[in-house]
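Please look at the sequence and the model first.

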Amino acid sequence: MVKKQVRRRKRRKSKQALIGYLFLSPVFLFYSIFLVFPISFSLYLSFHRWNMLTPPLKARYVAVKHFTYLLVQDETFLIVLKNTLFYALGTVFIGMILALIVALAFSRTKYSSIWRFVYFAPVVTPPVAIGMIWGYLYRPTDGLINTVLRWFHLPGQQWLSSPAQALPSIMITGIWAGVGFTMLIFIAGLKGIPEMYYDAARIDGANFWQGFWHITLPLLKPTILFVLVTGMIGAWQVFDLVFMMSSGGIDTGVVPFESVGVVALHMYQTAFRYMRMGRASAMAFILFLVVLAFTLIELRVLHRGGVESY
Amino acid sequence: MFLPFLWLILASLQSEREIMLRPMVFIPEVFQWQNYVILFKKYPLDKYYFNSFLVNSSITGVVLLTSSLAGYSLGKLSFPGRELIFKGILATMMFPVFLFLIPVYYLLKRVPLVGGNDIWGLGGVGFLHSYPALILPFVVNAWGIFLMRQFIIGIPNELLDAARIDGCSEFRIYGNIILPLTRPALATLGIFIFIQQWNSFLWPLIITTSAPKIMTLPVGLQLLRVAFASARNQHYFLAGLVVGIVPMVILFLVLQRYYIKGIVMTGLKG
C-alpha cells in the first residue's frame with residue numbers, strides 16, 4: 001500500500017519534472033538562439049577580423065590584437081571609456097540623491113499622485129524625443145534655458161555646442177529623464193520602513209536628521225543597492241540620448257566626438273558604419289567586463305553592511 | 001520638471017512667424033492646430049505608429065505567454081536544476097546588449113528560405129527587412145520571468161494540489177487557475193514591456209535604417225529633424241515630437257496604477 005503510494009508519488013514527480021521542462025522549453029530555445037549563440041559568436045569575432053560580408057569562419061585570426069589595439073593604441077576608446085565612467089557615476093549618484101530628496105518630500109505631501117505623474121512623464125517618453133526636445137532647449141542663442149537664464153541676468157551658456165559642457169549637459173538631461181523612476185523605487189522602499197521606529201526616535205528626542213541618518217538610510221540600503229546596481233548597468237550602456245544630442249542634433253553645433261562619445265556610440269559606429277565587427281565585439285566584451293567588475297564592487301561594498309537580500 | 005513638455009506643446013501650436021520671434025513668446029495668439037494636419041500630410045507618422053503598434057503588441061503578447069509559462073514552471077513545479085536555471089535567467093540581465101547586436105543581425109540575415117535566401121541562408125536578406133527582425137529577439141524577457149515567478153510563488157499550493165487530486169493536468173492548472181489568478185501581474189508586465197519596447201531605439205535603428213517599410217516610431221521621430229531641418233519648418237518638427245510623446249503619456253496616465261506596481265515589485269524584491 002505504502003509502496004504503491006510512493007511509486008505513484010514518484011511517477012507524479014517525474015511527470016511534473018517533464019512538464020516543468022516543457023513549460024521552460026520556449027525559454028531554453030530562445031536563450032540558445034539569442035544568448036548562447038550570440039555570446040559565443042561575439043567571443044569568436046573579438047579574436048578575428050571580419051566585415052560581415054565574407055563567411056565568418058574564413059575570417060582572419062588576429063589573436064588579441066583587437067584588445068591590445070583598443071586598450072593601448074586607440075586613444076578614442078580610452079577617452080570614451082572615461083566619458084562613460086564620468087556619465088555613469090555622475091548620473092547615477094546625482095540622480096539617486098535627487099530622487100531620494102524628492103521621495104522624502106513626497107512621503108509628506110498630499111496630491112502626490114499628480115506630482116508623481118509630473119516626475120514620471122519623462123520616464124515613459126521615448127529617449128529619442130527627450131534628446132531632441134533638450135537639443136532645442138539647450139540652443140545657445142534662442143533656447144529656452146538661456147532665455148530663462150537671461151531673465152535672471154545670468155550669462156547664457158554654450159551647452160551642447162561647447163566641448164567642455166556637452167557631456168555634462170547630456171548628463172543633466174539623463175538625470176531629468178531618470179529621476180522619476182528612481183524616485184518611485186525609493187518611495188516604495190520608504191513605505192517599507194515601519195513608522196514606529198521614527199516614533200521611538202522622536203520620543204528619545206531625535207531630530208529629522210538623526211532619524212534620517214540612523215533609521216532611514218540604513219534601512220533603505222537594499223533599495224539603494226538595487227538602484228545603484230541597475231542604474232549603473234543601464235548608464236554604462238547609454239546610447240539614445242548621446243546619439244540624439246551629439247553630432248546629429250539640431251542646431252547644436254558640432255563638438256568633437258571625443259568630448260561626448262560613449263562606449264555604446266563608439267561601438268555602434270565601429271560596427272555598423274565602419275564594418276569592423278571584430279573590433280566592435282572586442283569593445284562589447286571590454287564593456288561587459290567593466291560592468292561586471294563594477295557590479296561586483298558595488299555588491300561587495302554595500303553587502304558589508306549586512307544586506308542579505310542580494 | 002514639466003516645463004520642457006509645456007513649452008513643447010505650446011511651441012508646436014505657434015505659427016511660423018511666432019516661433020521665430022525674439023525674444024520668444026510662449027502662448028500662441030491663435031492656436032495653430034493645422035500644424036498637426038499638415039505634419040501628417042507631409043510625414044508618414046501614422047505608418048510609424050502602425051509599425052510600432054504591431055511590433056510591440058506582438059512582443060508583449062509573446063512575452064506574457066513565455067513569462068507566465070516559465071514563471072509557473074520555476075515557481076510551482078519541482079524538478080532538478082530549478083534554482084540553478086532561475087539564477088541563470090537572472091544573470092542574463094547583466095550582459096550588455098552590445099554583445100548581441102552583431103551576432104543577432106548576422107543570424108537574422110542568414111535565416112534560410114526567407115527574404116530571397118536559399119536553403120543555406122545565402123543570397124538574400126533573410127528576416128532583416130521584415131517584422132520578425134524587430135520581434136523575435138525580444139520575445140523572452142528575463143525580468144518578465146522573474147516578475148511572474150515571484151507572483152505565482154505566492155499562490156497557495158493547496159489550490160493547485162486540490163486541482164491535481166481532481167485530475168487536472170498541469171496544462172489545465174496553468175490555463176484555468178494560474179492565468180486567471182495572475183491577471184494583475186500580467187497587466188503590470190504587459191504595460192511595462194509595451195512601454196519599454198515602444199521607446200526602444202538602438203535595435204530598430206540598426207534594422208530599419210535600410211528597411212523604411214518597417215520603421216518604428218522612435219526611428220521615424222529621429223528622422224523628423226532631417227525632414228524638417230530648415231528653420232521655417234520648426235513648428236512641424238515640434239508638432240511631430242508632441243505626436244510622438246503624447247499617446248504614450250496618456251496610456252501611462254490611464255494605466256499608471258499597474259505600471260507603478262511593477263516598479264515597486266522589482267524595487268523591493270530585486
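**A loop residue and its surroundings**

M52(A) lies in the loop between β1 (48-49) and β2 (60-61) of chain A; helices (H or I, at least four residues) and strands (E, at least two) are DSSP runs, numbered from the N terminus. This is a predicted model, in which local features need pLDDT of at least 70 and side-chain atom pairs count only at pLDDT 80 or more, while totals for chains, interfaces and linings use all residues. Residues are numbered from 1 along each chain as its sequence is written, and chains are lettered from A and ligands numbered from 1 in the order in which they are written.

Q: What is the phi of M52(A), and is M52(A) buried, exposed or partly exposed?
A: M52(A) is not a glycine, yet its phi is positive, at about 80°. A residue is buried if 20 or more other C-beta atoms, placed from the backbone, lie within 10 Å of its own, exposed if 12 or fewer, and partly exposed in between. M52(A) has 16 C-beta neighbours inside 10 Å, so it counts as partly exposed.

Q: Where does H153(A) lie, and is H153(A) buried or exposed?
A: H153(A) also has a positive phi, of about 55°, although it is not a glycine. The loop between α6 (144-151) and α7 of chain A holds H153(A). Because H153(A) has 6 other C-beta atoms within 10 Å, it is exposed.

Q: How many residues of helix α5 of chain A are buried?
A: This helix spans residues 127-137 and is mostly covered. Among its buried residues are I130(A), I133(A), W134(A) and Y136(A). The count of buried residues in α5(A) is 11 of 11.

Q: Which residues does M183(A) contact, leaving aside its neighbours within four places in sequence?
A: Two residues are in contact if their C-beta atoms, placed from the backbone, lie within 7 Å. Under that condition, the partners of M183(A) beyond those sequence neighbours are A99(A), V102(A), A103(A) and Y119(A).

Q: Which helix of chain B gives the most to the side that touches chain A?
A: In total, 61 residues of chain B are in contact with 63 residues of chain A. Helices of chain B that each supply at least two residues to this side include α1 (3-12), α4 (45-76) and α14 (234-269). The one that gives the most, with 13 residues, is α14(B).

Q: What percentage of the residues in chain A are buried?
A: Chain A contains 14 helices and 2 strands. Its C-alpha atoms fill a box of roughly 90 × 75 × 35 Å, taken along the principal axes. Of its 310 residues, the buried ones make up 41%.
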